[in-house]
Amino acid sequence: MDDAAAIRACLTGNVDAFRHLVDQYQSRALAHARMLTGNAADAADAAQDAFVDAFRSLYTFDAARPFYPWFYVLLRNRCFKQRTRRATKPESSAVPDKAIAPAVSEEQLDLWRAIDQLTAEDAELVVLKHIEGWTYDELAEALDVPRGTVMSRLYAARQRLTAMLSGEGL
Amino acid sequence: MKHDIECVRVRLDLMAAFDGEAPDAVANHEAHVASCPDCRRWLQDLAAVSVRFKGTVYPESGADLWRVVQNRLRSSETNAPMFTLYAIGALCVGGRLLQLFADLPLPIGQLIPLAAIVAVLSRVLRNPLAIQTFAPELRKRGL
């Protein structure tokens, strides 16, 4: 089943069809949520809430577009609510746990450690650009800022990431 | 200082070109890049960072969100419409009692249940896609 078929099935009231979307995007959603909330428990709560929001709002989804950028707006909103509500202390969060993901290389761990040192705003931009491959327009739409702001923030975020990776910022 | 501002302007164009958003930008700034070692170094760093991301995937979380999401969807399927009806019913009755027993001026007595119903409906029908921005307090916490 692909995303479009799952969404069509969900819109006919088939709750179980939504499993495809949850299974497909939960790792990505949890990684993003951990980045934005700085806390694994809050991230899990935010991701669950966002998936529930997504199911309820599927009728507003434009099937001609990819699912995840649309879902990301819901996820981001839930992450902010979670942070504001709980005011939990951030923990070192974006770095993969070797016990859960033993296949992650040392080089990738270094990269995630550097991302983890960035502010949530910087980390969000860098990850959405480099891993998700979003365009400036997609970033501008999801973050609700002008394209020029995306560019200047991305420029600054990349500068800081470069400094982190070269050891200057660590 | 003028040199720095020029460099940032050039780098933003080069970054857009690197990201595939402005293909012509490189040709426009060839002369600057050739004469500016800082910008050349910056361009190399940008490429190096990009290479480091190649093949990067999100770590498996080991979590299974589906069970929780499924339970919540199933329970909300049965509970949400009834909750909304109960809430609106209770507010209407409460508003009517206020009108009968509290000595409120007439327009206020009529407006209370109406406002309450609007509040319930706006909460139920709120748009979760309305984009939120980074709150200042989150920024203060370094998030």
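Buried here means under 20% relative accessible area, exposed means over 50%, and partly exposed is whatever lies in between (1.4 Å probe, protein chains only). The model is a predicted one, so to speak of local features takes a pLDDT of at least 70 and side-chain atom pairs count only at pLDDT 80 or more, while totals for chains, interfaces and linings use all residues. As for bookkeeping, residues are numbered from 1 along each chain as its sequence is written, chains are lettered from A and ligands numbered from 1 in the order in which they are written, and side-chain values use heavy atoms, with hydrogens and water left out.

Chain A first. Its secondary structure is eight helices and zero strands, where helices (H or I, at least four residues) and strands (E, at least two) are DSSP runs numbered from the N terminus. Of its 170 residues, 56% are buried. Taking contact to mean heavy atoms within 4.5 Å, residues 24 or more positions apart make up 59% of the chain A contacts that have a separation of 6 or more.

Two of these helices show how the burial is laid out. In H1 of chain A (residues 3-11), Asp3(A), Ala6(A), Ile7(A), Ala9(A) and Cys10(A) are buried. Seen down the axis of H1(A), those buried residues fall within an arc of 160°, so they line one face of the helix; the arc is that of the directions from the helix axis to the C-beta atoms. An α-helix has 3.6 residues a turn, so residues three or four places apart point the same way. Just after H1(A) comes Gly13(A), with a positive phi of about 100°. In H7 of chain A (residues 136-143), the buried residues are Tyr136(A), Leu139(A), Ala140(A), Ala142(A) and Leu143(A), and just after H7(A), Asp144(A) has a positive phi of about 60°.

Chain B has seven helices and zero strands. Buried residues account for 30% of its 143 residues, and 52% of its contacts between residues at least 6 apart in sequence join residues at least 24 apart. Leu121(B) sits in helix H6 of chain B (residues 106-124). Its C-alpha atom is separated by 23 Å from that of Val69(B), 52 residues away along the chain.

Now for the interface. Chains A and B bury about 5,600 Å² between them, 62% of it on carbon and sulfur atoms; buried area is the accessible area (1.4 Å probe) that two parts lose on being put together, summed over both. The contact draws 74 residues from chain A and 49 residues from chain B. Four salt bridges turn up across it, a salt bridge being a side-chain nitrogen of Lys or Arg within 4 Å of a carboxyl oxygen of Asp or Glu. On the chain A side, H2, H3, H4, H5, H6, H7 and H8 each supply at least two residues that touch chain B, and the largest share, 12 residues, comes from H2(A).

Beyond its neighbours within four places in sequence, Gln48(A) is in contact with Leu65(B), Val68(B), Val69(B) and Arg72(B). Arg72(B) also has a salt bridge with Asp49(A), side chain to side chain (2.6 Å, N to O).
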